[in-house]
Amino acid sequence: MKHIVVSIVLFSLSWSTSANSENFKVQDIQITGLQRVALGAALTNVPFSVGDQVSEFVIGQSIKTLFKSGYFSDVKVFRDGDTIIYQVTERPTISEIEFDGNSDIKDEQLQSSLDDSNIRIGEALDKTLITNIETGLTDFYHSVGKYNATVEAKITYLPRNRVRLNFNFEEGDAAKIKQINIVGNKVFTDEELLNKIESKFNLDWWQFTSNDRYQKQALQGDIEIIRDHYLAKGYLKFNIESTQVSVDPNKEAVYITFNVDEDEPYTVTGFEFIGDLLGQEELLTKIVPIQINELYNGEVITYTEEMITRYLSRFGYANAKVQTIPDLNEETKEVALTISVDPGKRVYVKRITFEGNFGTSDEVLRREMRQFEGATLSNDLLEASKSYLQRLKYIETVDFVVNEIPGVDDGVNVVFKIKEQPSGSFQAGVSYGDYTGLAFNAAIQQENFLGTGNQIGISVNTWTAQQTISLNYTDNYFTDDGVSLGGQISFSNYDASKVNLVSYSQKKVVVGPTLSWPVMENNRINVGMYYNNLELSQLQPYDQIKTFSESFLDPNNPDAKFKFENVEASVGWSRSTLNRGVFPSAGSSQYLGLKASIPGSDVQYFKINFDSKFYFPLTQSHKWTFLTRLEMNYGNGYGDLDGNEQTLPFWENMQQRSTDLRGFESNTIGPKGIIRSKAPAAGAPDAFGGTSTVVLGDDFDTIDTTYRATGGNASFFGGLELITPTPFLSDEYSNSVRTSFFVDAGNVWDTEFDLDNYSNLAQSEQDKLIDYSDIGRYRSSAGMSIQWLSPMGPMVFTWSKPIKEYDKDEHEFFSFNIGTTF
């Protein structure tokens with residue numbers, strides 16, 4: 001304003017010396033001092049043009065107009081005959097913006113706030129806005145209890161009319177709540193009410209999870225908590241008359257006082273509906289949870305309103321308004337309720353769009369929709385659509401916004417806001433174990449190939465036990481109806497002895513397609529057909545293997561390799577109501593599958609698998625969740641071969657993986673390999689003067705047992721898991737890091753091999769300490785796990801302790817994986 005007044009005075013002096021006060025015709029307009037601002041942009045802010053008749057008043061007003069443009073810090077105007085000359089000084093341009101000392105507010109949040117005020121690099125500096133921002137940021141710190149916080153913006157002038165902005169923050173510590181007083185409460189004690197609210201004071205050292213720092217927003221929430229508590233107990237006229245917050249002189253402590261008026265509780269005498277209930281009054285009257293002749297309950301009233309609103313939204317009345325109107329009787333302390341229902345107009349979805357899906361095409365997301373364009377709006381269908389999107393493994397979070405269309409009272413647009421997560425991974429690793437030795441592996445997998453939602457994977461693994469190369473591909477929407485088609489081709493060379501299993505070598509080729517289709521919501525059926533070509537060699541004479549191999553042994557060539565060709569058919573049912581595809585926190589999943597070689601295959605067998613998981617959220621935010629899991633497997637042979645019943649091939653045996661029973665290395669529990677040997681004895685003298693050797697009968701056989709497992713035809717694994725917030729980690733990482741405490745249990749059995757047949761046989765010297773009755777018992781472990789979907793690929797850190805283990809030897813094991821996600 002001072003600049004404007006001075007400019008007008010200078011203009012008046014110039015005017016009085018160069019012209020009279022009459023209007024004149026402008027012949028030319030000149031602006032000097034321009035650097036960054038274009039002449040045309042400046043002239044658009046002059047309220048007259050060449051050829052116009054102007055007066056002293058109009059020219060004076062033009063100074064104000066140029067100031068309001070925001071381009072200039074100083075404007076002067078002169079007249080030279082019929083020429084108007086403006087002399088301007090441009091505001092400096094912001095060339096740098098820096099933040100120092102801020103921790104409560106991130107740089108990105110600060111820059112976003114500055115952008116809203118048009119303070120950004122390349123824009124002209126407006127000192128007035130800088131002062132307002134300083135004040136606003138200081139007020140923010142005060143609202144979170146940091147009364148000693150200061151924010152100062154320093155302006156450094158640079159050459160070529162540029163400036164550097166540096167915001168210096170002195171945040172300090174938030175003031176502690178020293179005391180909370182509640183005045184006027186008689187029904188509930190201070191302790192009862194203070195235990196319910198979020199704000200705390202005088203915390204003991206072990207209450208580290210609570211917070212005694214003052215925050216204005218938390219205080220507002222506490223007021224609502226106290227009010228809701230009273231309303232739930234019938235105190236309809238309860239009121240918090242005032243709230244005082246006092247700060248000590250050092251601004252390090254806060255004292256809070258609530259002044260309350262409880263009044264008396266009210267009893268509900270009845271309720272009725274008014275408005276348009278769409279013919280559903282009888283049904284709604286039956287399901288409304290309001291109890292007559294019981295105390296008024298605010299929580300029940302709120303639930304009733306929300307329930308009716310959700311019910312009407314199923315029919316497309318998304319903007320229904322439900323309000324409960326109390327009719328109080330002050331004398332009897334009774335209340336009659338009137339539930340007003342206004343369904344409004346039926347609302348239709350005009351358009352559905354997606355935001356944030358940079359790698360996934362709209363088509364992939366749209367096929368998961370349960371809410372369709374042109375259909376009535378349904379909150380249930382929107383939530384279902386959100387749930388289906390979140391189950392995709394390449395989607396981290398989903399939210400949706402319903403936007404009203406200006407001028408249209410029966411139509412809305414819906415925007416789904418998507419946050420993607422890496423859908424592909426490349427991993428390479430090295431590991432070492434007592435049995436496994438040095439191992440290397442590499443694999444690449446893409447869950448969202450080229451944004452189509454299709455899966456493709458190529459894996460190459462080479463380590464002491466196995467060399468594998470495989471290719472798999474799945475088109476999740478082979479048809480528009482959700483039918484998926486996939487296939488697999490793989491080759492492996494496997495040495496079982498390197499993974500704690502009894503010794504044999506196997507080469508295997510697998511080729512085959514799979515097909516699946518949806519059955520009702522949340523259910524799918526899948527079928528598959530695979531061709532298997534196997535070659536087995538180097539079988540050691542364990543009795544469990546001998547039982548199977550003797551049926552296929554060539555007596556003329558006992559060292560020949562075993563070769564099998566099988567065609568396997570599979571059918572499975574799966575169901576999922578999980579809320580997310582990765583790190584779910586609510587819902588359940590089940591799978592029941594049957595795999596069998598078809599009649600006519602070289603070996604005839606079947607395997608049944610059941611897998612189930614249930615997630616029970618313990619808090620509304622799902623930060624605490626309880627997980628139960630169960631896996632059961634059984635397999636056996638069918639038909640007979642040369643008069644002998646077929647059994648499950650030993651290479652198809654169920655095995656225990658380290659992920660099934662954390663704390664146990666793979667294949668360290670379950671049946672062990674047994675070798676039965678004939679006992680020799682000295683016989684009669686032979687013809688050469690020596691002593692002959694004879695083999696004693698079966699009752700004199702001896703047995704040796706290896707610590708290597710054979711696997712079995714039945715297995716069980718289960719566990720209980722408590723999923724908790726990860727300590728010292730902000731909520732923004734909650735979808736990529738998971739911490740849990742677990743108890744695992746399980747075992748592997750061979751129901752076709754009777755260990756009792758060996759109980760009367762002598763043990764070899766090295767086996768005399770083995771308790772055979774202990775081999776078949778279940779095992780369990782407990783521990784903690786942290787899973788991290790890191791930029792370098794999925795990582796799992798597990799600490800676990802076996803509660804009981806059979807193998808007394810220590811088996812040290814470590815692994816290290818590197819990779820990336822994309």
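Colleague: What should I know before I start reading residue numbers?
Modeller: The model is predicted, so local features need pLDDT of at least 70 and side-chain atom pairs count only at pLDDT 80 or more, while totals for chains, interfaces and linings use all residues. Numbering runs from 1 along each chain as its sequence is written, and side-chain values use heavy atoms, with hydrogens and water left out.

Colleague: OK, how many salt bridges does the structure hold?
Modeller: There are 26, a salt bridge being a side-chain nitrogen of Lys or Arg within 4 Å of a carboxyl oxygen of Asp or Glu. One of them joins Arg-164 and Glu-96, at 3.2 Å from N to O.

Colleague: Where do Arg-164 and Glu-96 sit in the chain?
Modeller: Arg-164 is in strand 8 (residues 162-170) and Glu-96 in strand 6, 68 residues apart. Helices (H or I, at least four residues) and strands (E, at least two) are DSSP runs numbered from the N terminus.

Colleague: And what does Arg-370 pair with?
Modeller: Glu-521, with the closest N and O atoms 3.3 Å apart. Arg-370 lies in the loop between helix 10 (362-366) and helix 11 (379-390), and Glu-521 in the loop between strand 23 and strand 24 (523-537), so the pair ties together parts 151 residues apart in sequence.

Colleague: Which residues does the salt-bridge network join?
Modeller: Lys-237, Asp-263, Glu-330 and Lys-333, through shared partners. Within that group, Lys-333 and Glu-330 have their closest N and O atoms 3.7 Å apart.

Colleague: Switching to the inside: which residues touch the most other members of the largest nonpolar core?
Modeller: Phe-273, Tyr-296, Ile-308 and Val-341, out of 22 residues. Such a core is a set of buried Ala, Val, Leu, Ile, Met, Phe, Trp, Tyr and Cys residues joined through side-chain atoms within 4.5 Å; buried means under 20% relative accessible area, exposed over 50%, partly exposed in between (1.4 Å probe, protein chains only).

Colleague: Which element gives the most to this core?
Modeller: Helix 9, with five residues. Strand 12 (267-275) and strand 14 (334-342) also give two or more.

Colleague: What about the nonpolar patch on the surface, how much accessible area does it have?
Modeller: About 780 Å² together, from residues including Ile-444, Leu-471 and Tyr-531. Patches take residues with over 30% relative accessible area and no salt bridge, joining like charges within 9 Å and nonpolar side chains (Val, Leu, Ile, Met, Phe, Trp, Tyr) within 5 Å; the areas come from the Shrake-Rupley method with a 1.4 Å probe, and for residues only the protein chains shown count as cover. Leu-471 is in strand 21.
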